[in-house]
Amino acid sequence: MKTVIIFDHPYGITASHNQPHKRSYSAALAQQAIKDLKDSGNSVDIIDLQKDNFNPVMSKNDLLNWRTKSFVDKQSQNYFDRLQDADEIIFIFPIWWEMMPALTKGFIDKVFAKGQIKKANGHRLILPAKTKIRVLTAIGTPKIIYKFHYGNPLGKMLKRGVFGKMGLKDFKIINFNAEDRSKEQRINDLKKIKKIIL
């Protein structure tokens, strides 16, 4: 099985150790996911948006390309080609202000361009219908508040508004609390990843 991980955090994917102002629970989630996948014999392709200097801004020319060409730019096309071969796609990022970071949103905007859409039997297809989508987030807001007070906006947007429109039904989002958790609780949370992604 081939998995593509789209990772988004300013500190980078190696910032998984608990060093003040250099630590990222998103990186810890990514490192655990990579280990679990490789230990199970899966190939892993990592797209690190920060490392790649991905520009999430949709310029006037980018939008023109989005509407009239098959892809926005060469980098977005490269990402799209890598996703086409994936059995599973895993997004890993923090939730800030109850939303995804700008690079992840820009990735969705640019990579899933209008020209990439294929039509078959009355459906719009971008990725193979069997593709598994997993979203692992690090969230500071308590999960119960995010779900019931805010209405889980990110989960609804991604499940219905993005991947639902693509016809992808095998979708799961798991928000991991990044705040007010002991070291033991965080380690126990990381142990749950294998069951989610495999």
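**Exercise 1.** How many of the 10 residues of helix H4 (residues 102–111) are buried?

*Solution.* The model is a predicted one, in which local features need pLDDT of at least 70, side-chain atom pairs count only at pLDDT 80 or more, and totals for chains, interfaces and linings use all residues. Residues are numbered from 1 along each chain as its sequence is written, and side-chain values use heavy atoms, with hydrogens and water left out.

Take helices as DSSP runs of H or I with at least four residues and strands as runs of E with at least two, numbered from the N terminus; buried means under 20% relative accessible area, with a 1.4 Å probe and protein chains only. By these criteria H4 is mostly covered, with 7 of its 10 residues buried, namely Leu-103, Thr-104, Gly-106, Phe-107, Ile-108, Lys-110 and Val-111. These buried residues pack (contact means heavy atoms within 4.5 Å) against strands S1 (2–7), S2 (43–48) and S3 (88–95), and against helices H2 (60–68), H3 (74–84) and H6 (153–163).

**Exercise 2.** Determine how Phe-107 is paired with other aromatic rings.

*Solution.* Rings of Phe, Tyr and Trp (its six-membered ring) pair if their centres lie within 6.5 Å, and planes over 60 degrees apart count as edge-to-face. The count comes to 9 aromatic pairs. One of them joins Phe-91 and Phe-107 edge-to-face, at 5.9 Å centre to centre and with 80° between the planes. This pair links distant parts of the chain, since Phe-91 belongs to strand S3 and Phe-107 to helix H4, 16 residues apart. Phe-107 counts as buried because its relative accessibility is 0%. The rings of Phe-107 and Phe-112 have centres 6.4 Å apart and planes at 90°, so this pair is edge-to-face. Ring pairs link Phe-54, Tyr-79, Phe-91, Phe-107, Phe-112, Phe-163 and Phe-171 into a cluster.

**Exercise 3.** At what angle do helix H1 (residues 25–39) and helix H7 (residues 183–191) pack, and which residues make the contact?

*Solution.* With axes fitted as lines to C-alpha atoms over the stretch in contact, and angles running from 0 to 180 degrees between N-to-C directions, H1 and H7 pack at about 40°, their axes 10 Å apart. The contact is made by Tyr-25, Ala-28, Leu-29 and Gln-32 of H1 together with Arg-186, Asp-189 and Leu-190 of H7. Finally, Arg-186 lies over the face of Tyr-25, at 5.1 Å from the ring centre, where the criterion asks for CZ of Arg within 6 Å of the ring centre and within 35 degrees of the ring normal.

Notes. Buried means under 20% relative accessible area, exposed over 50%, partly exposed in between (1.4 Å probe, protein chains only). Rings of Phe, Tyr and Trp (its six-membered ring) pair if their centres lie within 6.5 Å; planes under 30 degrees apart count as stacked, over 60 as edge-to-face and the rest as tilted.
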